[in-house]
Amino acid sequence: MIIAPRQAAPVLELPEEDALEFTQLATRLETEAANGSRDPGRLHRWGSSIVGILNSPIVSGALGGVLAAYTGTVLPGLSPA
């Protein structure tokens, strides 16, 4: 479900600590989304954290905005901005 953000982490050129956090969040989100008994609170919390990183000043270029919008589409209720 959230494969695009996880796979895009290296392209975002995040500082090492932020890249690790981003990848861990995306992996948790993907695992929870695939779980038969999803926890909407976790999905929202982790998705919001991913969108926050994508919209932060450490991510430059259009890719971060595109991925933030994608995440907001995949997880309705998250604001891409």
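**Figure 1. Overview of the chain.** The predicted model contains four helices and zero strands. Read from the N terminus, the order of elements is α-α-α-α. Of the 81 residues in the chain, 36% are buried. Among contacts with a separation of 6 or more, 60% join residues 24 or more positions apart.

**Figure 2. Packing of helix α2 against helix α3.** Helix α2 spans residues 16-34 and helix α3 spans residues 40-54. Their axes come within 9 Å and cross at roughly 150°. Angles over 145 degrees count as roughly antiparallel, and α2 and α3 are therefore roughly antiparallel to each other. The crossing of the two helices is left-handed.

**Figure 3. Residues at the contact of α2 with α3.** From α2, the residues E21, F22, L25, A26, R28, L29, E32 and A33 take part. They meet R42, L43, W46, G47, S49, I50, I53 and L54 of α3. By residue class, this contact comprises 10 nonpolar, two polar and four charged residues.

**Figure 4. The largest nonpolar core.** This core consists of 15 residues. L12, L14, F22, I50 and I53 have the most contacts inside it. Helices α2 and α3 each supply at least two residues of the core, and α2 gives the most, with six residues. F22 of α2 and I50 and I53 of α3 also belong to the contact between these helices.

**Figure 5. Close-up of E21 in helix α2.** E21 is found in helix α2 and is among the residues of this helix that meet α3. The C-alpha atoms of E21 and I53 are separated by 9.2 Å, with the two residues 32 apart along the chain.

Figure 6. R42 has a relative accessible area of 36% and is partly exposed. Which residues does R42 touch, not counting those up to four places away in sequence? With that exclusion, R42 touches E32 and G47. E32 belongs to the α2 side of the helix contact, and G47 to the α3 side. Between the C-alpha atoms of R42 and R28, which are 14 residues apart along the chain, the separation is 9.0 Å.

Definitions and conventions:
Residues numbered from 1 in each chain as written. Predicted model: local features only at pLDDT ≥ 70, side-chain atom pairs only at ≥ 80, totals over all residues. Heavy atoms only, no water. Axes fitted to C-alpha atoms, helices over the stretch in contact; angles between N-to-C directions. Parallel < 35°, antiparallel > 145°, perpendicular 65-115°, else oblique. Left-handed = near helix turned anticlockwise from the far one by under 90°. Contact = heavy atoms within 4.5 Å. Nonpolar A, V, L, I, M, F, W, Y, C, P; charged D, E, K, R; others polar. Core = buried A, V, L, I, M, F, W, Y, C linked by side-chain atoms within 4.5 Å. Buried < 20%, exposed > 50% of the residue type's maximum accessible area, 1.4 Å probe, protein only.
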